[in-house]
Structures are given as structure tokens and as C-alpha cells.
Amino acid sequence: MTSIDYLVLAGGGGGGTRHGGGGGAGGLIAGTNLAVTPGNTYAIVIGAGGAGGVANATIPTRGANSSFGVVIANGGGYGGQYSETAGA
């Protein structure tokens, strides 16, 4: 085997709190005929989903990237944060 088909999915972003928005979906990359060399090893990274926000305490975080060799899917963006702090 000298080529493969692939599907790489990244982690989704964490959602905001209360009236904040939801996190974005993780990126997706799919393809065919990616050249590989028999006997070689290829790094695989699985990106985690982002943490959701906690009201007036922490903001949500974005999802982590995932990769297979040189193919990289970007993590999703975090959702909007709601704050009850005046002037925020």
C-alpha cells in the first residue's frame, strides 16, 4: 500500500454560559490518495473538545487541532461568554 484515504476531525469549541453562544464545530479534512511509505510511522494527534465557560468565572476554550502526519484540522472556536458584571 502506497496511498491511503483519510478523515481528520478536530475538537469542537466549548460553549458559552447562559445567554452566550455555542462553541463552533471542529474542522474536518478528508482526502484520498495521500502518499505513504510502507514501514514508516506517522504521528497521529486527536484534539480534545474545548471546555465550556462557567458564569462570571472562566471563559470557554477553543477545541484542539487534530492531525495525521502533515494533514491538520483546526479546532473549533469557543462560544460567546455572558457576563453580569457592569461595564464588561
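Buried here means under 20% relative accessible area, exposed means over 50%, and partly exposed is what lies in between (1.4 Å probe, protein chains only). This is a predicted model, so to speak: local features need pLDDT of at least 70, side-chain atom pairs count only at pLDDT 80 or more, and totals for chains, interfaces and linings use all residues. Numbering runs from 1 along each chain as its sequence is written, and side-chain values use heavy atoms, with hydrogens and water left out.

**Inside**

- Thr17 sits in the loop between E1 and E2 (strands are DSSP runs of E, at least two residues, numbered from the N terminus).
- At 8% relative accessibility, Thr17 is buried.
- Leaving aside neighbours within four places in sequence, Thr17 is in contact (heavy atoms within 4.5 Å) with Gly53, Val54, Ala55, Gly80, Gln81 and Tyr82.
- Ile4, Val8, Ala10, Val36, Phe68, Val71 and Ala73 make up the largest nonpolar core (buried Ala, Val, Leu, Ile, Met, Phe, Trp, Tyr and Cys joined through side-chain atoms within 4.5 Å).
- Strand E1 (3–9) and strand E5 (71–73) each give two or more residues to this core.
- Not counting residues up to four places away in sequence, Phe68 touches Ile4, Val8, Leu34, Tyr42, Ala43 and Ile44.

**Strand E2**

- Leu28 belongs to strand E2 (residues 28–35), and with a relative accessible area of 54% Leu28 is exposed.
- Asn33 is also found in strand E2, and counts as exposed at 57% relative accessibility.
- Though not a glycine, Asn33 has a positive phi of about 60°.

Notes:
Helix = DSSP H or I, 4+ residues; strand = E, 2+ residues; numbered from the N terminus.
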